[in-house]
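Let's take a friendly walk through a protein model, beginning with a helix and moving on to charged side chains. Please have your viewer ready.

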Amino acid sequence: MELSDGLLLQVNNGEQWCNRWKHPNDDSDRSTSPSVLRCVASTWKEGLLNRKRPFVGRCCHSCTPQSWEKLFNPSIPSLGLRNVIYINETHTRQRGWLARRLSYVLFVMERDVHKDMFTRNVVDNVLNNSRVEGAIVKVATEVDAAVSHPGREHKSVSKVKQKARSFLQEMVANISPAFIRLTGWVLLRLFNGFFWSIQIHKGQLEMVKKAAAEQNVPMVFLPVHKSHIDYLLITLILFCHNIKAPHIAAGNNLSIPILSTLIRKLGGFFIRRKMEETGDGKKDILYRSLLHAYTEELLRQQQFLEVYLEGTRSRSGKPSPVRAGMLSIVVDALCTGSIPDVLVVPIGISYDRIIEGNYNSEQLGKPKKNESLWGIACGVFRMLRKNYGCVRVDFNQPFSLKEYLDNQRSRHIPQPVSLEHTLMPTIISAQPDAQLFDGQEEGQLNRELPDDIFRRQLINNLAKHILFTANKSSAIMSTHIVACLLLYRHRQGVALSKLVEDFFNMKEEILSRDFDLGFSGNSEDVVMRALHLLENCINVTSSANRNGEFTIAPCQTVPALFELNFYSNGLFHVFISDAIIACSILSLQRELVVESEQLPGGFNGFPLSQERLIRKAASLSHFLVNEVAVAPPCQTIYQVFHDAVTRLIQYGILYVAEEDQEELSPSPTDEPWPKKFPEPLSWRSDEEDEDSDFGEEQRDRYLKVSLSAEHQEFFIFLQRLLSPVLEAYSGAAIFIHSLSQPMAESDYTQKLFRYLLTRTERGVAAYGESATHYLVKNTVRTFKELGVLKERREERVTTLELSSTFLPQANRNKLLQYILGFTLL
């Protein structure tokens, strides 16, 4: 499957629009223009000109080595891509004029709607479940204190059981094969109207189809969540490939008249967004037991499930924090022996443009609008009048949950350590516990965890691993690249030909990192398409000094910056480790200036200790733990950042200062450095020994930053990727100075948001996208975990106040300086 195949982008449509923007002189040579990524792409260009697309979606070889070998064979990557919504007579058993006219109807009627996708006696089986029966008796006892009196016990239990049956009737799915076929036809026709293509990899679906046919166990699909269309996409794709439709865990916010009936007929079952919904705020044990028993019954009947780990659609373009409640039920069902095994399938989904367009209303602090039938109808009508580009769905290789759990039980899972314990020594130079490195507490860290903590940590690691894998397999779309270049490389505007050249180089660099692209074709046409989809966020002007060539610049309005940032975040994970290294180099250089008492103008000449640099990067990655995951739980942070440093050395951005290494000896401030971080920042796992790949890295290397103009451009580009995030956190660090008394968390969050937004509107903030509401909420969450803010819950209201550690202004200033140290000013 060559990169040049034209499957993903139908460039012939809309050529009139594209030609309006093209340079009148088609023979112009773009190679004379310097490129931010040419220095990077030149390393790989020779190998990439004829390279094939990387095959993404393999399961983890470290955690599930047996699953890695199953279902996959060398021919699978060559099966290529398919546009699911393109149907003709070749996709049916019939031929001829009538078959061409009725190809969609014939295709849908020939799909196999499996009989075994229908549950049997599910309501009665759930109500007779021992967990549910115990919960019913317990609730009846609590509700009626006289339940133990003769003659009243049976009545109270019957009343609670009736309530349980009512809950269950509201929850369960009611799949209809006729409705699935009808919906399949409607979606194929509708999606052809507002998507150019919906691409899947035939090899990935082949593995899923083979697993569904050969493995006699249930399957759980775990997609990333970016749009309401996600539900329909997965069901449609599986239906088109004769794979059993899954039961979908949907939020009860979608349980509205008429729509709820349609969702149930497609396999949806409704769960509460919040489990604690009793009047007194206590856990609703009856509802929890019903949900647990219903999910277990579906798995026992070998039904497929579709669960969204993020719980809600991502408002940032990056994965949201995991919510592993439903996943924990699946794990418990396996551990209790209710089912022999479960196959887990992470799914990556990428859109050129989501049907919601953007989430600017919510990012501007406005409350989320409740879903309604009228709102959905209006949304469909708006969709029919627009085009949303391409969609790419990547099904990862199914892996055995039993194998994963068995593998993890044989490994040492360290006790979770708080962010406060991890970073406080770095920020205020005061160890929370001086005995951490005396060996006594280290032994405590290595001891066996209690069963409940071990279970919680195991499920949390599993959820993070799945979401990391799904996000990594998500294809990079053309709008992601164009938005990123406009925001962090050409914020003041760029000629169209230069943008096309940088787009090409960025595309090559992404492929070299084994991420796939959600488009193909001529770079100029692809860029035109992306600009058309982002037209509300950009300004186009004619530049007379470039023979009339158009200049593209991002709009500087807050909504436009928010929207561009959303799409730019689609490739945030591709460069995150390099960006953290680049910002850590900046912080380390500033530290060396202070330590050496030299002028800032010459700090590029300082050799940087690689060990110290990686520790600095580890510190920043922990600080940004709520923003992005740099590695799955099974991979060490040192390995990730060591690879990033090696990559930057290969590019020539960093080089080893060999002549300085022997002359330089550790300064007094460097000697205690290994003791400045607790165990979580250690770079070696417990399994590594002297025979590991890092065994030769005994001797520290010293690095310098290249002063080449092209290298510096890429270096600054990497730093700018993190700048909006760091600017939001530095603004939050300034704002805490105004927190003089306890304040309700909702009020504090809203005032912080207004403060950051005002900074943006007045031009104080360099990056307007730093004021998005999701960033504000993440700063509050991080500061609570860091121990900057202390929360107290009184009468169901959470209040925030400064912790005793940060009451002194000096410590608040140290927090601000810590963040600013990484920030490109």
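How far apart are the end C-alpha atoms of helix H10 (residues 202-214), and what should its 13 residues span? Before the answer, a word on the model: it is predicted, so local features need pLDDT of at least 70 and side-chain atom pairs count only at pLDDT 80 or more, while totals for chains, interfaces and linings use all residues. Residues are numbered from 1 along each chain as its sequence is written, and side-chain values use heavy atoms, with hydrogens and water left out.

Now the answer. At 1.5 Å a residue, H10 should span 18 Å, and its end C-alpha atoms are 18 Å apart, which agrees. The expected span here is 1.5 Å times one less than the number of residues. Helices (H or I, at least four residues) and strands (E, at least two) are DSSP runs, numbered from the N terminus.

Next, look at what surrounds this helix. The buried residues of H10 are Gly203, Gln204, Leu205, Met207, Val208 and Ala211. Buried means under 20% relative accessible area, exposed means over 50%, and partly exposed lies in between (1.4 Å probe, protein chains only). These buried residues pack against strands E2 (197-201), E3 (219-223), E7 and E8 (390-395), as well as helix H11 (229-240); contact is taken as heavy atoms within 4.5 Å.

Let's turn to the charged side chains. A search of the whole structure finds 25 salt bridges, each a side-chain nitrogen of Lys or Arg within 4 Å of a carboxyl oxygen of Asp or Glu. One of them joins Asp124 and Arg165 (3.7 Å, N to O). Asp124 lies in helix H6 (residues 122-127) and Arg165 in helix H8 (residues 153-171), so this pair ties together parts that are 41 residues apart in sequence. Asp124 is partly exposed at 38% relative accessibility, and Arg165 is partly exposed at 35%.

Another salt bridge pairs Glu563 with Arg353 (2.6 Å, N to O). Glu563 belongs to helix H24 (residues 558-568) and Arg353 to the loop between E7 and H15, so the bridge ties together parts that are 210 residues apart in sequence. Glu563 is buried, with a relative accessible area of 5%, and Arg353 counts as buried at 10%.

One more stop for your viewer: Glu509, Arg513, Asp578 and Arg647 are linked in a network of salt bridges.
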